[in-house]
Structures are given as structure tokens and as C-alpha cells.
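Hello,

Here is the structure we talked about. Please open it alongside this note; the findings follow below.

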Amino acid sequence: MSTKEDKVKDVSEDGVEESAETTSVQTGKTDPGNGAEGPIILFFLVGLLISLIIGWVIFPKLLYSHKKQPFDFNHALHMGEVDNGCESCHFFREDGSFSGAPGLAQCIYCHDDLQGVSPDEVVFVENYVATNREVPWLIYSKQPDCVFFSHAAHIKGAHMDCTVCHGYIGESDHLKVYEENRITGYSRDIWGKNIAGLKKNSWDRMKMDDCAECHMEATGRTSSVQTKKDGCFVCHK
Ligand code: HEC
Ligand code: HEC
Ligand code: HEC
Ligand code: HEC
Ligand code: HEC
């Protein structure tokens, strides 16, 4: 009994709504120049612009804290001074492990005394060489402690170039600012240069998916490469 009434009610309500819509559309059509849309559209565009600025300019700036290296270091200059290229400072030890960021031992050979007049060298020699303290370099490519990465597998095994993962740091005149993500603690070089996740170069980002993506591509060539599905303990300790 009640269902019939409800149905009738529904229909009549729908009818009312429909007619209301039609009238509003009709009014819009018949009165195109009432001018109310102008300020609304402008308001919307201004709001959109503000959120775009917050999202693309302000938020990324707030998201990353900027840290300076203890002092600047010029790779290009040093490549002209050393005899053994990159390996003068970044080399494999006897046990096959990678030396990583150089220690004082790779520097004092030349810097037991000042070589020039650069203020960066003065900081280096006075604060570190003279006091025999290792330089606390910030590592742009630093992965969390749970990740196992082997330079030997990639450089000796797969003959990869440093630039594939690091870009052109080895040819630079200056060390760039280190950017640390305030939320995750990751370096920007790991978390991604582009906040939208777009990647132009292979070295723009080095998250788990980036490692896995290349490993998957490489599976065709090298059978020993494992992908994410094959096991987490290839890359995790
Ligand atoms: C005279 C020593 C020296 C030589 C030669 C040298 N480097 Fe470096 N390299 C350094 C120092 C010092 C740093 C600073 C450590 C840091 O900030 O990571 C560094 C940092 C780097 C980093 C940054 C690692 C990171 O994630 O923080 C890369 C990549 C690198 N060097 C590549 C190269 C390449 C490629 C070459 C050869 C073209 C080269 N280096 C030659 C001393 C040297
Ligand atoms: C083969 C010799 C040699 C070695 C090894 C070497 N340097 Fe130098 N370094 C030089 C010379 C030469 C200059 C240039 C001085 C000038 O003309 O101002 C220089 C300049 C510098 C400067 C000032 C210019 C700049 O790079 O910003 C710093 C800082 C510096 N060296 C740090 C280091 C560190 C750290 C190491 C070890 C990782 C190192 N050097 C290893 C020879 C060397
Ligand atoms: C397949 C990618 C890849 C390639 C190729 C590669 N690296 Fe790295 N490199 C990394 C990753 C990832 C880390 C960080 C490792 C970590 O934090 O455990 C790193 C770390 C470093 C560091 C800092 C290590 C430290 O903690 O002291 C230096 C210096 C460096 N690499 C230099 C080089 C040089 C020089 C080459 C070329 C001979 C090279 N890398 C090739 C991925 C790569
Ligand atoms: C651009 C390609 C590329 C990228 C990026 C890359 N890898 Fe690799 N990786 C390889 C290749 C190729 C091998 C195989 C070397 C071999 O079989 O000798 C390998 C081997 C390894 C191995 C040794 C595996 C084994 O079975 O012995 C580990 C561990 C590893 N990668 C970890 C990582 C991690 C962690 C990252 C990201 C931080 C990474 N890789 C990024 C190409 C890449
Ligand atoms: C090819 C290398 C590789 C393999 C295989 C891999 N991971 Fe990772 N994983 C990484 C790297 C590099 C990071 C750090 C960068 C990031 O967070 O994306 C990471 C980060 C993580 C994190 C976040 C840890 C943190 O401290 O933020 C978790 C969780 C994780 N991996 C789980 C897994 C599991 C589960 C598997 C197996 C299904 C796996 N991973 C396989 C390379 C790998």
C-alpha cells in the first residue's frame, strides 16, 4: 500500500526537480549577460593559481631542508691533478668493497700543506687535515640502512658507468646543496628531483622501483639479476 504512494511521491519529486533544472537552464539561456559568472570564474582561477604555486613552488621548498657540505669540492679541478682518474679517490679495496666517499688518506698526499688560496681549501686544511678529522660528507645517494647495494656487481660485473646512477657529479666544479626530505629523511637524489614523479634522466631518482625496473630490463641480458619478485633479500639485509 505504502509502496504505491512512495512511487507516486518519487515521480512527483523527480518531476519537480527536473522542471526546476530546466527553468534554471532556460534562465541562463535567455539571460546570457547577467555577468555573475565573471567574478566566479576569476575567483576560481585565482584559487587555482594559488594552489598551483603552493603545490609546485612552496611545498617542495618546505618539504626539503637544505644542508651544505662541510666545504666545497671541485671535481673537474682535481681530475686534472690526480694520476688515476676517479679511482684515485673512489676505488675498490682488496676485499672487493667500494671505498665510497674518500677519506683524508686520499687527500693528505697533496694537502699536508695549502696548495692554493681557495677559502674552501683553508677550511679543509685547518679544520680537518691539521686536526686529523675525517670530513663528514653528506652522501647524495644514501640509501636507508636496510638496503644492500654493491658497487662491484654494477661496475665490475655489469660494466656500468657512474653517470647512470649519479649523473655528472664527477665532472662538476661544485658540490650541490644536499636536500633532505623532512618527512622521509631521504636525500632528494633518492626520493626524486621532480615532485610529480616525472623522471628525465636515469639518475633523477633511485627508489626501490627504479632499482627493480632496471633489474627487470637487465634480466634479458644477465641471468644472475633478480627482480623484486624473485626475492627481497637481493637488496635487503
Ligand atoms: C681527488 C679526489 C676525487 C676524485 C679524483 C674524484 N672524486 Fe668524486 N668525490 C670526491 C669527494 C671529496 C666527494 C664528496 C663526497 C660527497 O659529498 O659525497 C666526492 C663525491 C662523489 C660523488 C657523490 C657521491 C654521493 O652520492 O654523495 C660521485 C658520484 C663522485 N664523486 C663521482 C666521481 C667520478 C665519476 C669521478 C671521476 C670522473 C670522481 N668522482 C673523481 C673526491 C674525488
Ligand atoms: C694530486 C694532488 C691532490 C689530491 C690528491 C687532492 N687535491 Fe685538493 N687540490 C689540489 C690542487 C693542486 C688544488 C688547487 C689549489 C688552487 O689552485 O687553488 C686543490 C684544491 C682543493 C680545494 C679547493 C678548491 C675546491 O676544490 O673547491 C679543496 C677544498 C680540496 N682541494 C680538497 C681536497 C680533498 C678533500 C681531497 C681528498 C679527497 C683532495 N683535495 C685531494 C691537489 C690535490
Ligand atoms: C647502479 C647504480 C650505481 C652506479 C653505476 C654507481 N653507483 Fe655509486 N652509489 C649508488 C648507490 C645506490 C649508492 C648509495 C649506497 C648506500 O647508501 O648504501 C652509491 C654511493 C656512492 C658513493 C658514496 C658512498 C659512501 O657512502 O661513502 C660514492 C662516492 C659513489 N657511489 C661513487 C660512484 C662512482 C665513482 C661510480 C662509478 C665508478 C659509481 N658510484 C657507480 C649507485 C650507483
Ligand atoms: C641501470 C640499471 C641498474 C640500476 C639502476 C640498479 N641496478 Fe642493481 N644490477 C644491475 C645489473 C645489470 C646487475 C647484474 C650484475 C651481474 O649479474 O653481475 C645488478 C646487480 C645487483 C645486485 C647483485 C645481485 C646478485 O645477484 O648478485 C644487487 C644487490 C643490486 N643490483 C642492487 C641494486 C640496488 C639496491 C639498486 C638501487 C639502489 C640497483 N641495484 C640499481 C643493474 C642495475
Ligand atoms: C632491486 C633492489 C630491491 C629489491 C629486490 C627489493 N627492494 Fe625494497 N627497497 C629497495 C630500495 C633501494 C629501498 C629504499 C628506497 C625506497 O624506499 O624506495 C627499498 C625500501 C623498501 C622499504 C621501505 C623501507 C624504509 O626504511 O623506508 C620496504 C618496506 C621494502 N623495501 C620492502 C621490500 C620487499 C617486501 C621486497 C620483496 C618483495 C623488496 N623490498 C625488494 C630496493 C629493493
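Which helix gives the most to the shell around ligand 5? It is α9, with four residues. Keep in mind throughout that this is a predicted model.

Ligand 5 first. It is surrounded by 15 residues. The closest are K207, M208, C211, C232 and C235. By type, the shell around ligand 5 splits into 10 nonpolar, three polar and two charged residues.

Now ligand 4. Here 24 residues form the surroundings, and A153, G157, A158, C211 and C214 are the closest. Three helices each supply at least two residues of the shell around ligand 4: α6 (151-157), α7 (162-166) and α9 (208-218). Again α9 gives the most, this time with five residues. The shell around ligand 4 holds 14 nonpolar residues, nine polar and one charged.

Next, the overall fold. The protein chain has nine helices and two strands. Along the sequence they run α-α-β-α-α-α-α-α-β-α-α. Of the 237 residues, 5% count as buried. Take the contacts between residues at least 6 apart in sequence: 61% of them join residues at least 24 apart.

Confidence is highest in helix α3 (residues 75-79), at a mean of 97. It is lowest in helix α1 (residues 2-30), at 43.

Last, two backbone details. Most residues other than glycine have a negative phi. N132 has a positive one, near 55 degrees. N132 sits in the loop between α5 (119-129) and α6. Is N132 buried or exposed? It counts as exposed, because it has 8 C-beta neighbours inside 10 Å, and the cut-off for exposed is 12 or fewer.

H159 also has a positive phi, near 50 degrees. Its place is the loop between α6 and α7. H159 is exposed too, with 7 other C-beta atoms within 10 Å.

Best wishes

How values were computed:
Residues are numbered from 1 along each chain as its sequence is written. Chains are lettered from A and ligands numbered from 1 in the order in which they are written. This is a predicted model: local features need pLDDT of at least 70, side-chain atom pairs count only at pLDDT 80 or more; totals for chains, interfaces and linings use all residues. A residue is buried if 20 or more other C-beta atoms lie within 10 Å of its own, exposed if 12 or fewer, and partly exposed in between; C-beta atoms are placed from the backbone. Two residues are in contact if their C-beta atoms, placed from the backbone, lie within 7 Å. pLDDT is the predictor's confidence in each residue, from 0 to 100. A residue is near a molecule or strand if its C-beta atom, placed from the backbone, lies within 6 Å of it. Ala, Val, Leu, Ile, Met, Phe, Trp, Tyr, Cys and Pro count as nonpolar, Asp, Glu, Lys and Arg as charged, and the others, Gly among them, as polar.
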